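This report goes through a protein model from its loops to its helix packing. Please keep the sequence and the coordinates open while reading.

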Amino acid sequence: MKKRLKMYHTPQSWHKAGQYFSFHNFDIFYQHSSKTEAETIFLIHGYPTSSYDWSKIWDTLSERYQLVAIDLLGLGFFDKPAPYPYSVQDHADQCIALIEYLNLEHVHLIGHDLGVGVIQELLDRQRQSNLKFSIQSTIFMNGSLFAEAYRPRLIQKLMASSLGHLIVPMISFRIFSKSMQQMFDANHQPSAEELKQWYEQLKFKNGKTCMVSLNQSIFDRFKHRDRLVNAMINSTIPMLLINGKNDPNSGQHMAIRYKELIPNPQVIELENCGHWTPWEQPSIVTKEILQFLATTT
């Protein structure tokens with residue numbers, strides 16, 4: 001059995017402890033904490049980061065559950081092809097491929113940011129009986145669940161436009177850091193070292209070349225808004241939204257929309273928390289995940 005990761009993770013130790021599988025001849029990184037006979041949590045990170053986002057909640061969750069966290073193609077610790085037709089559908093295909101590769105029959109899904117859109121796609125496929133495994137529950141964290149409630153910043157719009165390829169070369173560490181800091185709550189700002197770590201992950205394998213296509217894929221999935229939202233509305237499995245209220249993109253306004261549309265909504269709204277929910281408030285997030293999952297068994 002693979003040894004558990006240490007209680008303190010660095011990007012280097014996280015990378016070293018990971019594994020790889022092949023998807024369309026590309027190598028995709030994933031983290032796996034095996035726990036025989038335990039239920040499985042499958043974690044899907046956001047843009048522009050990686051599975052390392054889950055490192056602060058990993059060890060506590062792994063005491064009770066088997067964990068799997070994927071690095072979506074174009075992000076994180078391995079292959080970042082460009083050009084490549086990035087899309088929420090393709091990212092969902094990657095998750096399905098890994099779940100089947102590990103022979104998992106049942107999974108709880110947790111997604112943040114870009115990951116919530118991937119979960120919506122997976123819910124729709126389960127609704128159409130197109131999955132070989134079953135989704136037992138889902139947890140969403142600060143993502144663009146509803147196009148009408150999403151508030152993208154100007155830089156995001158520009159990156160997804162025809163000007164995107166002109167902007168990418170100008171994204172220095174200083175510009176990247178400022179953009180990231182705007183997404184955090186004022187009381188939970190990232191350290192200079194954390195910002196440097198995220199920037200290095202972004203640049204890994206020449207990853208900046210993927211930024212325009214990845215941004216475009218986020219907006220392109222809004223074309224499927226009704227299908228993806230209906231998958232949530234009509235879902236019969238337990239769902240939870242854990243939402244950092246001070247997220248400028250998908251904060252309290254997204255939680256309000258969730259409660260308007262989702263039948264019998266379960267929502268946890270976090271004070272003093274911005275967009276990066278599992279990074280800013282790991283103790284609270286871990287507690288809410290465990291309490292929710294305890295009700296699904």
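Proline 48 is found in the loop that runs between strand S3 (40-44) and helix H2 (55-62), where helices (H or I, at least four residues) and strands (E, at least two) are DSSP runs numbered from the N terminus. The peptide bond joining tyrosine 47 and proline 48 is cis, with omega at about 5°. A cis bond also leads from alanine 82 to proline 83, with omega near 0°, and proline 83 lies in the loop between strand S4 (66-70) and H3.

Serine 129, although not a glycine, has a positive phi of about 60°; its place is in the loop between H4 and strand S6 (134-141). As background, most residues other than glycine have a negative phi, and most peptide bonds are trans.

## Basis and confidence of the model

This is a predicted model, in which local features need pLDDT of at least 70 and side-chain atom pairs count only at pLDDT 80 or more, while totals for chains, interfaces and linings use all residues. Residues are numbered from 1 along each chain as its sequence is written, and side-chain values use heavy atoms, with hydrogens and water left out.

The protein chain averages a pLDDT (the predictor's confidence in each residue, from 0 to 100) of 95, and 98% of the residues score at least 70. Over residues 1-6, however, the pLDDT is below 50, and this stretch has 17 contacts in the model beyond near neighbours in sequence, a contact meaning heavy atoms within 4.5 Å.

## Overall dimensions

The secondary structure of the protein chain comprises 13 helices and eight strands. Its radius of gyration, taken over C-alpha atoms, is 18 Å, close to the 19 Å that the globule rule (2.2 Å times the number of residues to the power 0.38) gives for 297 residues, so the chain is as compact as a globular protein of that length. Taken along the principal axes, the C-alpha atoms fill a box of roughly 50 × 45 × 40 Å.

Two packed helices are described by the angle between their axes and the distance between the axes. Here axes are lines fitted to C-alpha atoms, for helices over the stretch in contact, and angles run from 0 to 180 degrees between N-to-C directions.

Helix H3 (residues 88-101) packs against helix H4 (residues 114-127) at an angle of about 75°, with the axes 9 Å apart, which makes H3 roughly perpendicular to H4 (angles under 35 degrees count as roughly parallel, over 145 as roughly antiparallel, 65 to 115 as roughly perpendicular and the rest as oblique). By class, their contact has seven nonpolar, three polar and three charged residues, where Ala, Val, Leu, Ile, Met, Phe, Trp, Tyr, Cys and Pro count as nonpolar, Asp, Glu, Lys and Arg as charged, and the others, Gly among them, as polar.

Residues Phe173, Phe176, Ser177, Met180 and Gln181 in H7 meet Ala192, Leu195, Lys196, Trp198, Tyr199 and Leu202 in H8, a contact with eight nonpolar, two polar and one charged residues.

For helix H10 (residues 225-233) and helix H11 (residues 252-261), the angle is about 65° and the axes are 10 Å apart; H10 and H11 are therefore roughly perpendicular to each other. Arg225, Val229, Met232 and Ile233 of H10 make the contact with Arg257, Tyr258 and Leu261 of H11, and these residues divide into five nonpolar, no polar and two charged.
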